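Dear colleague,

I am passing on the structure below for you to look through.

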Amino acid sequence: MIETVLRSEDLPVADRFEWWRELTSHTLMPTEITSDHADDFRACIRQLDLGAVQVSVLSYPSLRSRRTPALVRRSDPELYHLALTLSGRQSISHGRRDALVGVGDLLLYDTSHPCDASAFPDAGGAVEGIVVNVPRAAIPFSAAKVDSLFGLPLPGSTGMGALLSQFLTRLEPESDSCRAQDAMRLGSVTADLITAFLAHHADTEDGVPPESRQQALTAGIHSFIERNLGDPELSPAAVAACHHISVRYLHRLFQPQGVTVSEWIRQRRLERCRRDLADLRLSDKSIGSIAARWGLPEPTSFSRAFKTLYGVTPRDHRQQSRHRGMPTVR
């Protein structure tokens, strides 16, 4: 487990807003927060500890957050913050820029400059977003280049923005299946993806180390494979074509992982099947239908591959999971 979940509703009503102010000052950066919902502040934060990189998935009502010059002077952890808006709208004044950010937009700011931000939920909902804390030292090009992007809404639905957004939105749902030793690797991948994304918009790609570009591309390919596991036509050729690279180069990217692209796809499909077969909520689904759902429609080949990887047949795995009586957490 690399995730910590904290909810204001677990506290007495009178303590919730002050708890949120202290929590966000500690996990994000010290700010002055005000809200029309201070009397009963309902919010949640899911924190992923990825070593030097921290990812926070937040849900909260309307509020205003100000990082004043005095707070900057008092404490500056020298972090970049990259925020992805999932629902609601946010406005921010950072430096000499004012921006209005909507769903799907990415926004860069930092702890070293004053800022004034307000968040507004959609009707009947909450503001939801993901904030990544990255040390300045982890971004391998000049601060001036990065600073030029402060306060600009950056698109998260196309190109490098889409790759980064898809990766970030998958991190938290998959955290239960990650081990503690995975955290540092995920932190490095996250920093590399952010580096490639910022380089694209700051036109500094030449200053990005080749290994960072390769790791960012590999992370994007992993995300693409995860989203398309159910497609029986998913293949190395299809993956390479969608990423505008040759199959030969795709195989070269996977060499450090010790598996071929086809083996990676098969392992990820089998892992999805393993989780679904252990899920009591899917006990009415046949083994064959679960396998077909994840792109493995041939029963004999599926059963053989499953037993080879996990040392047990799909049927026995399902029966053992039922005996334990513990549904898999998604």
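**Cavity, pocket, rings and core**

The count comes to one cavity of 30 Å³ or more, where a cavity is a set of points on a 1 Å grid over the protein atoms alone at which a 1.4 Å probe fits but cannot get out, and where points are joined across faces, edges and corners and a volume is the space filled by probe spheres set on them. Please keep in mind that this is a predicted model, in which local features need pLDDT of at least 70 and side-chain atom pairs count only at pLDDT 80 or more, while totals for chains, interfaces and linings use all residues. Residues are numbered from 1 along each chain as its sequence is written, and side-chain values use heavy atoms, with hydrogens and water left out.

The largest cavity has a volume of about 440 Å³. It is lined by 27 residues, of which Leu-28, Tyr-60, Ser-65, Gln-90 and Tyr-109 are the closest to its centre, lining residues being those with an atom within 4 Å of a point. By class, this lining has 18 nonpolar, nine polar and no charged residues (Ala, Val, Leu, Ile, Met, Phe, Trp, Tyr, Cys and Pro count as nonpolar, Asp, Glu, Lys and Arg as charged, and the others, Gly among them, as polar).

The largest pocket (an open set of points with protein on both sides within 12 Å along at least five of seven lines) holds about 1,100 Å³ of space. Among the 26 residues that line this pocket, Cys-178, Leu-186, His-222, Trp-264 and Arg-268 are the closest to its centre. The lining of the largest pocket divides into eight nonpolar, eight polar and ten charged residues.

There are also eight aromatic pairs, meaning rings of Phe, Tyr and Trp (its six-membered ring) whose centres lie within 6.5 Å, with planes under 30 degrees apart counted as stacked, over 60 as edge-to-face and the rest as tilted. The rings of Trp-20 and Phe-41 have centres 5.8 Å apart and planes at 45 degrees, so this pair is tilted. Both Trp-20 and Phe-41 are buried (under 20% relative accessible area, with a 1.4 Å probe and protein chains only).

Best wishes

Technical notes: Buried < 20%, exposed > 50% of the residue type's maximum accessible area, 1.4 Å probe, protein only.
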